[in-house]
Amino acid sequence: MAERSPAYAGIRPVALAVIRNGPRLLVREYRTARGGRFYRPLGGAIHFGERGADAVRREIREELGEAIEVVRHLGTLENIFEREGQPAHWIVLLFEAEFGERSRYDGERIQGVEGDGERIEAQWIDISQPLEGLLFPEGLLELLWAR
């Protein structure tokens, strides 16, 4: 009998929205099993037959109930890492995007709901200052400073 692969095995295509307001970047904060902290722009898996830009529009609409305009493809990053004790391999398409509703840039946090009904909170972080955790995907901060 063949051994089953881990839940996160395989390559996962992901599309993330890089939404900026000056030096601020819109992210979700996550906690690791070891109590660490990391930040990641909003977005998620690309469905079969779906283009990356369409996936990022869908994800933001699902998570925040907001429409965004995808301005351009910023780049692609490949990350191989461990997630919940399992190997993970993501190919991440990064899209610069903007809210149509200008008031979304006000304040520090935006409330939303994940597809499974879990309440989420996006927050603005100042990437010109040292962060209290890692910014994921690896290489994103360097990519943003190079542009």
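1. Buried residues, meaning those under 20% relative accessible area with a 1.4 Å probe and protein chains only, make up 41% of the 147 residues in the protein chain. This is a predicted model, in which local features need pLDDT of at least 70 and side-chain atom pairs count only at pLDDT 80 or more, while totals for chains, interfaces and linings use all residues. Residues are numbered from 1 along each chain as its sequence is written, and side-chain values use heavy atoms, with hydrogens and water left out.

2. The protein chain has 2 helices and 9 strands, taken as DSSP runs (H or I of at least four residues for helices, E of at least two for strands) and numbered from the N terminus. From the N terminus on, these elements follow the order β-β-β-β-α-β-β-β-β-β-α.

3. After H1 comes Gly-65, with a positive phi near 70°.

4. Strand E8 (residues 119-126) pairs in the antiparallel sense with strand E2 (residues 24-31) over 5 bridges, where pairing requires at least two DSSP bridges between the strands. Strand E7 (residues 109-113) also pairs with E8 in the antiparallel sense, over 5 bridges. Gln-123 in E8 is the bridge partner of Val-27 and stands opposite Arg-109.

5. E7 and E8 form a hairpin with 5 residues between them, and in the turn Gly-117 has a positive phi of about 95°.

Technical notes:
Buried < 20%, exposed > 50% of the residue type's maximum accessible area, 1.4 Å probe, protein only.
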